[in-house]
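This briefing covers aromatic pairs, a helix contact and the nonpolar core. Please have the sequence and model open alongside.

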Amino acid sequence: MTAVDTPRTGWRGTWRAAHAPVEGVPRWARTVAHAIPFIVLPSGIWRIATVVFDVAGDGRHHGAADTTVGLPNPVYVTFLSLLSELLAFAAVGLIAAWGEVFPGWIPVLRGRRVPLLAAVIPAALGATILTALWTTLAVQIGSGVTLQGNPLPADFPTVTLHGWRLGFFLATYAPLPLWGPLLALLTIAYWRRRTPGLRTPTALAGSCPSPPR
């Protein structure tokens, strides 16, 4: 092994070790955790492409909220899209070692066990909010009206977009209603795995049991 290869191998090994599923994580949970970031990614690409490259083709910034922090719309929307992807990636913590033991780069807490409720409560709240948010949006898009029965705003993408652009928008946002329910499933699996007496043979599928000590 050369000196040039060592750092690359070290980073790769560190990454794999940090994100590898811990013992007791079922195969379905691994699949779900790694799928969530890809479920969120298309909508982020759409928002960034719309406000930065104007893929909507009409000079309007679809999906860009009014900013009150003094940031240009492209910067604001790009930041929100990256933040959404980061939050989506946090789902991996519900199956990986860094979701049970604080990693070494966190001062004071490094090496300590993550309190069960400190992970479960935010994840459960996030799953609830995401389910309500994206289900509401799906209902609005499907019905063409708001929940109050009013017509959609004049700048709503399904009102202003047509052709392939409308199809692109719908395709990128269609997976988002899955985010909340899938996160809820991961949260329940995480809670069961870390709660004494709730671990089942199903939860241990795919893991190598350790001999009793």
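How many aromatic pairs does the count come to? The count comes to five aromatic pairs, where rings of Phe, Tyr and Trp (its six-membered ring) pair if their centres lie within 6.5 Å. This is a predicted model, in which local features need pLDDT of at least 70 and side-chain atom pairs count only at pLDDT 80 or more, while totals for chains, interfaces and linings use all residues. Residues are numbered from 1 along each chain as its sequence is written, and side-chain values use heavy atoms, without hydrogens and water.

**Aromatic rings**
- F89 and W98 are stacked (planes under 30 degrees apart), at 6.4 Å centre to centre and 15 degrees between the planes.
- F89 is partly exposed at 27% relative accessible area, because partly exposed lies between buried (under 20%) and exposed (over 50%), with a 1.4 Å probe and protein chains only.
- W98 is also partly exposed, at 27%.
- W46, W134, F168, F169 and Y173 are linked into a cluster by ring pairs.

**Helices α2 and α6**
- The axes of α2 and α6 are 7 Å apart, at an angle of about 140 degrees.
- P42, S43, W46 and R47 of α2 meet R165, F168, F169, T172 and Y173 of α6.
- By class, this contact has five nonpolar, two polar and two charged residues.

**Around W134**
- Beyond neighbours within four places in sequence, W134 is in contact (heavy atoms within 4.5 Å) with Y173, L176, P177 and W179.

Technical notes: Axes are lines fitted to C-alpha atoms, for helices over the stretch in contact, and angles run from 0 to 180 degrees between N-to-C directions. Helices (H or I, at least four residues) and strands (E, at least two) are DSSP runs, numbered from the N terminus. Ala, Val, Leu, Ile, Met, Phe, Trp, Tyr, Cys and Pro count as nonpolar, Asp, Glu, Lys and Arg as charged, and the others, Gly among them, as polar. Rings of Phe, Tyr and Trp (its six-membered ring) pair if their centres lie within 6.5 Å; planes under 30 degrees apart count as stacked, over 60 as edge-to-face and the rest as tilted.
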